[in-house]
Every structure is written in C-alpha cells, then in structure tokens.
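The questions below ask what lies behind the terms used for this model. Each answer sets a value against its definition.

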Amino acid sequence: MTALLDATLGGLILCSKLVLIVVPLVTIFEVLRHVRIFQSIGSRTEPVMRCLGLGRSAVLPLFTGIFLGIAYGAGIIIRSAATGQMDRRELFLTGLFLATCHAVIEDVLIFVVLGGDGVVMLGLRLLLAIILTVLLARLWPRKTI
Amino acid sequence: MEITEKEQVPPVFERLRTGMVDGWWTVFRMLKFVLPLYIIVDLSKSSGLIDSLGSWCAPFMGLFGLPGETAFAFIAAALINLYAAIAVLAPLDLTPWQVTQCGVMMGIAHNLVLEGGVLSSTGARGGILTLCRILLAVIAGWLMMGLQWLGVAG
C-alpha cells in the first residue's frame with residue numbers, strides 16, 4: 001500500500017513538473033508564433049524539413065524535443081496537431097525522429113560521465129534518426145491533395 | 001519571402017491568455033497517459049521484474065559484444081530511465097567504447113513505457129514508435145560492434 005502511495009506521489013511530482021514547464025512553453029509558443037522573425041525561421045528551415053518529409057509546422061516541436069526532451073516537444077506537437085497544422089503522417093514522422101533522438105545533451109552527458117565518447121554518441125544518434133526518418137518519409141509518400 | 005497567409009494577429013494579451021489555456025489543456029491531455037504509466041513503472045521497480053527480465057536477457061548480450069551484466073542496465077533503462085541504468089552500469093568494468101555503445105543503444109531506447117505514452121498523447125502510434133526504437137537500438141548496437149571489429153573505432 002505504501003508502495004502505491006509512493007508511486008502516486010512520485011507521479012504527481014512528475015505531473016507538476018510537466019505543468020511548470022509545458023504551460024509556459026505553450027504560452028511562449030502562442031505569443032511568438034505570430035512574430036515575423038519566427039515565421040521567417042520557419043521559411044528558412046523549410047528545405048531541410050522537406051528532406052525529412054516534414055512541413056514548417058514541425059520545426060519547433062522537433063527542435064524543442066531534440067534539446068529539451070520528448071515531453072516538452074510533445075506538448076508543442078499536441079498544440080500543432082489540435083490546430084490542424086500537422087497531419088497523421090507528419091505526426092508519425094516527427095514522433096519517429098523524436099522517439100529515437102531527444103534530450104540529446106542530457107542523455108549524452110550522462111554517459112560521458114562514465115567515460116563514453118560524446119561526439120560518437122551524439123553523431124550516431126542524430127545520423128540514425130535522420131536516416132530512419134528520411135527512409136520512412138520516402139516509403140510513405142505525402143498525399144497529393 | 002512574402003507572407004502569403006493573412007492571419008488575423010490577436011493582441012499580445014489575448015495571445016498570452018490563449019497560450020495559458022491551451023497550455024493547461026495540453027498538460028491535461030498528457031497527464032491522462034503519464035500519471036497511470038508512471039505509477040505502473042514505479043511499482044514494477046520493487047516487483048523484481050527488472051531482475052528477472054535482466055537474467056533472461058543476459059545470455060544475449062554477447063551478441064552485441066557486451067558482458068551479460070549489462071542486460072540489467074538495459075532493462076533498467078528501457079523500463080525506468082538512464083539514471084537508473086548508469087547506476088547499474090557504473091560498477092561494471094567496461095571499456096570506453098563499450099560505454100559509448102551502451103550510451104547510443106540506451107540513448108535510443110529508454111523510458112519506453114512513459115515516453116511511449118507521451119508519444120501516444122500526441123496522436124501518433126506510440127506502440128509502433130516504441131518498436132522502432134528497440135529495433136534501431138539493436139541495429140545501432142551491431143553497427144558499433146562492427147565498427148570495433150573492423151578496427152575503425154575503440
């Protein structure tokens with residue numbers, strides 16, 4: 001019984017952490033979404049994103065996820081999906097990239113502490129995530145209207 | 001580049017308000033998955049599941065050129081998180097290349113239950129994505145063992 005109580009308590013602590021980070025993140029995203037600079041970042045990254053089979057609405061979730069972690073990237077993905085900016089294919093491809101490659105800085109540092117090679121770990125994970133996403137984007141063509 | 005879509009831009013105050021409301025809505029959507037899964041994962045820690053799964057997997061670690069004890073770290077990473085994994089990994093006497101190999105493999109496949117739930121909450125197929133992670137971790141492990149065998153690294 002105490003185990004269940006402890007688990008619930010731990011879960012609630014995790015949930016409050018999520019609230020503390022995701023609510024401000026989504027708020028900032030909503031405010032900045034209309035600022036011209038951010039729209040031009042979206043246009044600039046479009047060619048890169050197209051290689052991954054993704055549109056510009058996936059830029060922000062992707063980079064949030066790569067650096068901050070999957071839960072925070074997911075927070076933004078849920079928003080983009082709810083406003084109809086991402087379709088099922090984009091949701092899956094963004095999810096695929098982030099599932100294999102997220103919170104890279106924290107993850108890599110954990111193993112650098114044990115004597116691992118940070119450059120190899122970071123490079124290989126990014127490379128594999130890119131290859132997998134590009135491959136699947138080719139196999140699963142965008143619906144032409 | 002010209003902006004083609006003429007979306008009505010609401011005032012900052014309005015955007016702050018929508019952001020807050022949407023933020024809470026987003027979090028609640030995630031919590032439906034995260035809270036129950038966290039409780040399940042936390043309870044599995046004391047159930048001995050990691051030990052039994054670990055000893056079952058240990059003989060297979062040789063396939064990746066890793067000692068059998070690392071299986072417990074892999075299971076801990078997959079079910080809990082990377083911090084639990086390095087606690088198991090640290091006392092083992094691994095070469096720097098083996099640590100790097102574990103880092104890549106566990107970096108790809110960790111905290112699968114909770115993160116699978118988070119991925120599902122976005123509307124993507126969390127189960128399939130999790131399967132992809134496990135497969136990619138296996139491929140990465142073989143790739144890195146191959147690199148070492150070829151003498152390219154390690």
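Q: Which helices do the buried residues of α4(A) pack against?
A: They pack against α1, α2, α3 (46–51), α5, α6 and α7 of chain A. Packing here rests on contacts, that is, C-beta atoms placed from the backbone and lying within 7 Å. This is a predicted model, in which local features need pLDDT of at least 70, side-chain atom pairs count only at pLDDT 80 or more, and totals for chains, interfaces and linings use all residues. Residues are numbered from 1 along each chain as its sequence is written, while chains are lettered from A and ligands numbered from 1 in the order in which they are written.

Q: What makes helix α4 of chain A mostly covered?
A: Seven of the 10 residues in α4(A) (59–68) are buried. A residue is buried if 20 or more other C-beta atoms, placed from the backbone, lie within 10 Å of its own, exposed if 12 or fewer, and partly exposed in between. The buried ones are A:V59, A:L60, A:P61, A:L62, A:T64, A:G65 and A:I66.

Q: How many residues does each chain give to the contact between chain A and chain B?
A: Chain A gives 49 residues and chain B gives 49 residues. On the side of chain A, two or more residues come from each of α1 (2–32), α2 (36–44), α5 (70–82), α6 (88–100), α7 (104–112) and α8 (118–139). The largest share, 17 residues, belongs to α1(A). By class, this side of chain A holds 31 nonpolar, 13 polar and five charged residues. Ala, Val, Leu, Ile, Met, Phe, Trp, Tyr, Cys and Pro count as nonpolar, Asp, Glu, Lys and Arg as charged, and the others, Gly among them, as polar.

Q: Why is α2(B) called oblique to α3(B)?
A: The axes of α2 (residues 49–57) and α3 of chain B come within 8 Å and cross at roughly 130°. Axes are lines fitted to C-alpha atoms, for helices over the stretch in contact, and angles run from 0 to 180 degrees between N-to-C directions. Angles under 35 degrees count as roughly parallel, over 145 as roughly antiparallel, 65 to 115 as roughly perpendicular and the rest as oblique. The angle therefore makes α2(B) oblique to α3(B). Residues B:I50, B:L53, B:G54 and B:C57 of α2(B) meet B:A71, B:F72, B:F74, B:I75, B:A76 and B:L79 of α3(B). Nine residues of this contact are nonpolar, one is polar and none is charged.

Q: Why is α1(B) called roughly antiparallel to α6(B)?
A: The axes of α1 (residues 12–46) and α6 (residues 112–121) of chain B cross at roughly 165° and come within 9 Å. The crossing angle therefore makes α1(B) roughly antiparallel to α6(B). Their contact includes B:F33 and B:L37 of α1(B) and B:V113 and B:V118 of α6(B). Its classes are 10 nonpolar, three polar and one charged.

Q: How do you know whether B:L53 and B:L150 are buried, partly exposed or exposed?
A: B:L53 has 18 other C-beta atoms within 10 Å and is therefore partly exposed. B:L150 has 9 and is therefore exposed. B:L53 lies in helix α2 of chain B, whereas B:L150 lies in the segment after α7 (126–149) of chain B.

Q: Which residues have the most contacts inside the largest nonpolar core?
A: They are B:A76, B:A77, B:A85, B:V118 and B:A140, in a core of 82 residues. Such a core is a set of buried Ala, Val, Leu, Ile, Met, Phe, Trp, Tyr and Cys residues joined through C-beta atoms within 7 Å. Helix α3 (residues 70–79) of chain B gives the largest share of this core, nine residues.

Technical notes:
Two residues are in contact if their C-beta atoms, placed from the backbone, lie within 7 Å. Helices (H or I, at least four residues) and strands (E, at least two) are DSSP runs, numbered from the N terminus.
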